[in-house]
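Biologist: I would like to learn how to read a sheet in a model, strand by strand. Could you take me through one?

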Amino acid sequence: MLLRVKDLMKSYAGPDGAVAILNGISMAMDRGGTLALTGESGSGKSTLLHLVGGLDQPDNGRVEIDGVDIGALDDTSRAAVRRDKVGVIFQQFNLIPSLTVASNIAFQARLAGVEDADWTRDLTTRMGLADHLAKYPEQLSGGQQQRVAIARTLAARPALVLADEPTGNLDETTADTVLDLMLTLVAETNAALLMVTHSERLAARMGRRLHLRAGHVA
């Protein structure tokens with residue numbers, strides 16, 4: 001089991017006291033699996049994704065990646081798990097504006113010490129970025145920037161890919177193309193893909209679906 005989430009709970013302080021965001025969420029994923037995380041705005045999807053990625057800490061419950069309870073780790077060890085095993089694709093791209101496309105794509109793999117020039121070259125070609133490597137993010141369209149963000153994540157060959165509305169800023173045709181590439185490349189690396197999406201069309205293409213409603217599995 002690559003990912004195991006058990007009885008996860010999370011709340012945030014509100015003007016009238018604590019506001020529960022997640023109420024005892026449990027789930028699991030194996031390598032090679034794909035899971036769509038759906039639900040209305042405020043249902044806890046992004047919160048769950050951030051907890052799974054070790055970007056935030058739960059109030060109660062466990063997140064295990066490859067059998068390691070990441071909540072029991074200190075900040076340095078948790079960052080090492082994110083660096084070595086988890087790749088996150090954000091809706092806002094989060095590219096480094098001062099770096100070229102080539103350097104952005106290589107950044108995470110270099111940080112993890114797993115840069116593979118042949119794999120990176122293959123990624124950039126299949127993502128349609130081979131002619132844009134010397135450009136900077138501001139010179140690219142939104143769809144191209146998202147492809148760079150996906151290539152950067154997959155260049156490090158993470159075991160678990162977390163994607164938060166990765167096609168939310170794209171038109172339908174570009175969104176379909178981007179998801180095609182993601183599913184193909186994730187399958188080739190035998191990674192697990194957990195994707196937050198509001199799109200019923202895209203969710204239907206994933207292997208499984210987990211629907212959240214008010215912090216519970218619906």
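Modeller: In general, the strands of a sheet pair through backbone hydrogen bonds, either parallel or antiparallel. Here 6 strands form an open sheet of mixed pairing, in the order 6-7-8-3-9-10. Strands are DSSP runs of E with at least two residues, helices are runs of H or I with at least four, and both are numbered from the N terminus; two strands count as paired if DSSP finds at least two bridges between them. This is a predicted model, in which local features need pLDDT of at least 70 and side-chain atom pairs count only at pLDDT 80 or more, whereas totals for chains, interfaces and linings use all residues. Residues are numbered from 1 along each chain as its sequence is written, and side-chain values use heavy atoms, with hydrogens and water left out.

Biologist: Which strands stand at the edges?

Modeller: Strand 6 (86–89) and strand 10 do; each has a single partner strand, so one side of each is left without a neighbour in the sheet. The partner of strand 6 is strand 7 (residues 160–164), which runs parallel to strand 6 and is joined to it by 4 bridges, with Val-88 having Leu-162 as its bridge partner.

Biologist: In which sense do strand 3 and strand 9 pair, and over how many bridges?

Modeller: Strand 3 (residues 34–39) and strand 9 (residues 208–213) pair in the parallel sense over 5 bridges, and Ala-36 stands opposite Arg-209 of strand 9.

Biologist: What joins strand 9 to strand 10?

Modeller: These two run antiparallel and are joined by 2 bridges, strand 10 covering residues 216–217; Arg-213 has His-216 as its bridge partner. The two strands form a hairpin with 2 residues between them, and Ala-214 in the turn has a positive phi of about 55°.

Biologist: How many helices and strands does the protein chain have, and how should I read its overall dimensions?

Modeller: The secondary structure comes to 7 helices and 10 strands. The radius of gyration, taken over C-alpha atoms, can be set against the globule rule, 2.2 Å times the number of residues to the power 0.38. For this chain the radius is 17 Å, close to the 17 Å that the rule gives for 218 residues, so the chain is as compact as a globular protein of that length. Buried residues (under 20% relative accessible area, with a 1.4 Å probe and protein chains only) make up 48% of the 218 residues. With contact meaning heavy atoms within 4.5 Å, residues 24 or more positions apart account for 72% of the contacts with a separation of 6 or more.

Conventions: Buried < 20%, exposed > 50% of the residue type's maximum accessible area, 1.4 Å probe, protein only.
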